[in-house]
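Subject: Structure handover

Hi,

Here is the structure I said I would pass on. Please open it first, then read the notes below it.

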Amino acid sequence: MFAPLFPAMARDLHLSGTRTAALLVTIMSVVYFGLAAVTGHLADRFDRRLLLGIGLLGNAIAILLMGFTHGYASLVGLVVVAGVFGALFHPTANSMMPALFPKSPGLAIGLLGIGSGLGFFAGPQLAGWRAESATWGGRIPETMQRWQIPCVELGALGIAVAIIYLLVARDGPHSRTENKAVPLEPWMRRNAIKLASLLCWRDFAGVGSVALLSVYLQRVFGLGLKDTGLILGLMMLLATVVNPLAIWLTGGSRRLPALRFCLFSAAGLMAILPALPLGWLIAALVVLQTMALAASALSDAALAERIAPARRGRINGITLTILGTVAGASNWVVAAGTDVMGARVSQTGWHWWVAFGALAALMLFSTVSVRRLAHLHLEPSQRAGSEALACDGIAATASVT
């Protein structure tokens, strides 16, 4: 929701640049994912349904309160609170969903991706639209800036959804007593860290491209908040269908070649964005983000299939700590880069090719993670069987590429 709002936040809060507004989201992301290893431990040991509900509720309340404060220091405090509660989401959900579908843990991750696609589609659209044109009873309070309207409205909506979730949600089989006795071996932890250290650049490029496009569309094409939010939302729309479909179509040895294809495609499209007129740019963005989000779903599914239920929370927590922290930093890095452009930020030229090209290079580098994922061993019983599967996957990848 914040991506189309960065320029307006910087102006209304009298900040030194767009990077200072983007730093708020970076702080929230670093806290959100920096605590994932801790919340992953909690997910293996406590009531996942309750943990997730608490996280949803606390995060929504913090977002709501951002609509009523005007000090930058207060906003920093609130994004930290939002990050702390939000940290309960990913490790818990990525552990809880496969438990609900124990025969198809990969497909469960794809189904979870439907929610991601809907959120990424609706968030920027609603934020841009409400910030630009919303009125409450014909006007908005004089003490409130327009970018704060979506904070209040989406925060209130989040509180309502959290309450509904706590009333109706259920968890799958979850033996918390047995999980306490299942250790996480050091070599498992090392393998998870190595994988995340490669995959994180995919997420840095994916998240960073959204922040970069927000500035690009508003400064180069002169779009308003509403239109920028609409385009950023449309980028994510196909993910609601593609994520579960990609998981369903890529079982067994097809999973990893599909992941490599998605990463290559996203990198190629990202590199050519500055050459496209607005109409073609929108079409390219839909395909780009579809590939990027499908890549996330495919890697999450492949990881879920390699983790025993008793360790899912902790392994997901370790990987998400690295992935999310690096990805969260991209908001500030990208915004700082656009500030460095100065007056040229409103002009087409080589500087935009460098910006998008750098993100494309990082996305391309992340394809190295496919080989690491193919050889990943997280359970002692998988060592023999997964080597055969990995060889099949690598052979299939070679034939495709």
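**Helix α10 against helix α16**

Helix α10 (residues 186-219) and helix α16 (residues 350-365) cross at roughly 155 degrees, and their axes come within 7 Å. An angle over 145 degrees counts as roughly antiparallel, and therefore α10 and α16 are roughly antiparallel to each other. The crossing of α10 with α16 is left-handed. On the α10 side, the contact is made by Leu198, Trp201, Arg202, Phe204, Ala205, Gly206, Gly208, Ser209, Leu212, Leu213, Val215 and Tyr216. On the α16 side, Trp352, Ala355, Phe356, Leu359, Leu362, Met363 and Phe365 take part. By class, that contact has 15 nonpolar, three polar and one charged residues.

Please bear in mind that this is a predicted model.

Alanine 205 is worth a look here. Alanine 205 sits in helix α10. Is alanine 205 buried or exposed? Alanine 205 is buried, with a relative accessible area of 0%. Leaving aside residues up to four places away in sequence, alanine 205 touches Met270, Leu359, Leu362 and Met363. Cysteine 151 is 54 residues from alanine 205 in sequence, and their C-alpha atoms are 26 Å apart.

**Helix α7 against helix α14**

Helix α7 (residues 105-133) packs on helix α14 (residues 278-304) at an angle of about 150 degrees, with axes 8 Å apart. That makes α7 roughly antiparallel to α14. The crossing of α7 and α14 is right-handed. From α7, Pro105, Gly106, Ile109 and Phe120 make the contact. They meet Leu293, Ala297, Asp300, Ala301 and Ala304 in α14. The classes here are seven nonpolar, one polar and one charged residues.

**Helices α4 and α8**

Both were checked for length. With 19 residues at 1.5 Å each, α4 should span 27 Å; its end C-alpha atoms are 27 Å apart, which agrees. Helix α8 (residues 149-168) has 20 residues and should span 28 Å at 1.5 Å a residue; its end C-alpha atoms are 29 Å apart, which agrees.

Which residues of α4 are buried? They are Arg48, Leu51, Leu52, Gly53, Gly55, Gly58, Ala60, Ala62, Ile63, Leu64 and Met66. What covers these buried residues of α4 includes α3 (36-45), α5 (72-86), α6 and α8.

In α8, the buried residues are Ile149, Pro150, Cys151, Val152, Gly155, Ile159, Ala162 and Tyr165. They pack against α4 (48-66), α6 (89-100) and α7.

A reminder for reading both lists: an α-helix has 3.6 residues a turn, so residues three or four places apart point the same way.

**Two loop residues**

Histidine 14 lies in the loop between α1 (6-12) and α2 (18-34). Phi of histidine 14 is near 55 degrees, a positive value in a residue other than glycine. Histidine 14 is exposed, with a relative accessible area of 72%.

Proline 102 belongs to the loop between α6 and α7. Proline 102 is exposed too, at a relative accessible area of 60%. Leucine 112 is ten residues from proline 102 along the chain, and 14 Å separates their C-alpha atoms.

Best wishes

Key: Residues are numbered from 1 along each chain as its sequence is written. This is a predicted model: local features need pLDDT of at least 70, side-chain atom pairs count only at pLDDT 80 or more; totals for chains, interfaces and linings use all residues. Side-chain values use heavy atoms; hydrogens and water are left out. Axes are lines fitted to C-alpha atoms, for helices over the stretch in contact, and angles run from 0 to 180 degrees between N-to-C directions. Helices (H or I, at least four residues) and strands (E, at least two) are DSSP runs, numbered from the N terminus. Angles under 35 degrees count as roughly parallel, over 145 as roughly antiparallel, 65 to 115 as roughly perpendicular and the rest as oblique. A crossing is left-handed if the near helix is turned anticlockwise from the far one by less than a right angle, and right-handed if clockwise. Contact means heavy atoms within 4.5 Å. Ala, Val, Leu, Ile, Met, Phe, Trp, Tyr, Cys and Pro count as nonpolar, Asp, Glu, Lys and Arg as charged, and the others, Gly among them, as polar. The expected span of a helix is 1.5 Å times one less than its number of residues. Buried means under 20% relative accessible area, exposed over 50%, partly exposed in between (1.4 Å probe, protein chains only).
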